[in-house]
Amino acid sequence: MQVHQKEAEEGNFIGKGPTYRYIADLIDKVAEVDTTVLITGETGVGKNVIAERIHDVSARHEKPFIHVNCGAIPETLIESELFGYTGRAFTGASASGKTGMVQLADKGTLFLDEIGELPLHLQPKLLQLLQNKTFLPVGDTTVRQVDTRIVAATNKDLKQKVADGEFREDLYYRLNVLPIHVPALRERKEDVFPLLQANLDRFNKRHKKSKQFSGPVLDHLQQYGWPGNIRELENVVERLVITSGDDVIEENDLPEDVKKEQEDKSNMQIDFNETLPDMIEQLERKAITQMYEKHQSTRKAAKALGISQSAFMRRWHKYKEEG
């Protein structure tokens, strides 16, 4: 169960590009008010870091920051974990009851990560909390008042979940008052270098090393697509700090999947002796086949290429039949 208070030494908000500056400015603005924030973006882009930053620069910074991962708590437990329960409210419940995460976040910030995973039957209780700042612990008959700022995050398309009947429309609009979208790292390449350097310093300090990136390694890592975003970048840098043999990290130290992407890009070279239609077909064939080999899923490959799954399937079958 991923429920914890913020660790101050982790999760620095790092970057230098226009997207970073825009988000940093937006954070400063939303931190001045208590309105609900909805942070969206792919897995690993740093949504939790944005939430912590909002808390850190707000008037609530000296009060608790409670992080609740809605997707990590079993559906049978999430109501009692969030809202607490009275003594012997259900079989197996403590005789003394339990304070819920909502109450623990009083005067502070409640960060509801993976909000798209919140069960439909609990969404009215969250809506009540957002509208009235009140909640009812499991087994209680007395409504409690609480003063907490709610920040939510998701990597899901909540509008689509509303359309599919999996998420309440009124809750969606209550959450989406101040939206912050965090683009994928591949869409903000200018932030890769400061993130690499900051994480190199962090893991050198943690593991008592003094590693440095060689020039070719820096070039390689800045060109890499980072499908796992900042989380993947952190993992790769820590692995390189620990496993590289010398103080200077070289290209042969890079993980195989990072090296393979560069090889795949090399294989995408076009034969300029062909006609333009032939070159386009050649490039499309390589893109379709290599993306499928990489993702082993037509849905994921189509998403990576920015086309519909049906369009990908048509092309994939065509080139598969042609051999």
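Is R315 buried, partly exposed or exposed? In this predicted model, R315 has a relative accessible area of 29% and is therefore partly exposed, since the partly exposed class lies between the limit of under 20% for buried residues and that of over 50% for exposed ones.

R315 takes part in a salt bridge with E284, in which the closest N and O atoms are 2.9 Å apart. The two residues belong to distant parts of the chain, 31 residues apart: E284 is found in helix α12 (residues 276–295), and R315 in helix α14. E284 has a relative accessibility of 26% and so is also classed as partly exposed.

Helix α14, which spans residues 309–322, also packs with helix α13, which spans residues 298–305. Two packed helices are described by the angle between their axes and by the distance between those axes. For α13 and α14, the angle is about 105 degrees and the axes are 8 Å apart. The two helices are therefore roughly perpendicular, as angles of 65 to 115 degrees fall in this class. On the α13 side, the contact is formed by T298, R299, A301, A302 and L305, which meet Q309, F312, M313 and W316 of α14. Sorted by class, the residues of this contact comprise 6 nonpolar, 2 polar and 1 charged.

At the level of the whole protein, three domains are assigned: domain 1 covers residues 18–183, domain 2 covers 189–266 and domain 3 covers 276–322. A separation of 29 Å is found between the C-alpha centres of domain 2 and domain 3.

Salt bridges number 16 in the structure. One of them joins the side chains of E234 and R202, with an N to O distance of 3.3 Å. Because E234 lies in helix α10 (residues 229–243) and R202 in helix α8 (residues 192–207), this pair ties together parts of the chain that are 32 residues apart in sequence. Both partners fall in the partly exposed class, E234 with a relative accessibility of 25% and R202 with a relative accessible area of 23%.

A further salt bridge connects E256 and K259, whose closest N and O atoms are 3.2 Å apart. E256 is exposed, as its relative accessible area is 58%. Salt bridges also link D34, R60 and D147 in a network.

Note on methods:
Residues numbered from 1 in each chain as written. Predicted model: local features only at pLDDT ≥ 70, side-chain atom pairs only at ≥ 80, totals over all residues. Heavy atoms only, no water. Axes fitted to C-alpha atoms, helices over the stretch in contact; angles between N-to-C directions. Helix = DSSP H or I, 4+ residues; strand = E, 2+ residues; numbered from the N terminus. Parallel < 35°, antiparallel > 145°, perpendicular 65-115°, else oblique. Contact = heavy atoms within 4.5 Å. Nonpolar A, V, L, I, M, F, W, Y, C, P; charged D, E, K, R; others polar. Domains from an automatic or database assignment. Salt bridge = Lys/Arg side-chain N within 4 Å of Asp/Glu carboxyl O. Buried < 20%, exposed > 50% of the residue type's maximum accessible area, 1.4 Å probe, protein only.
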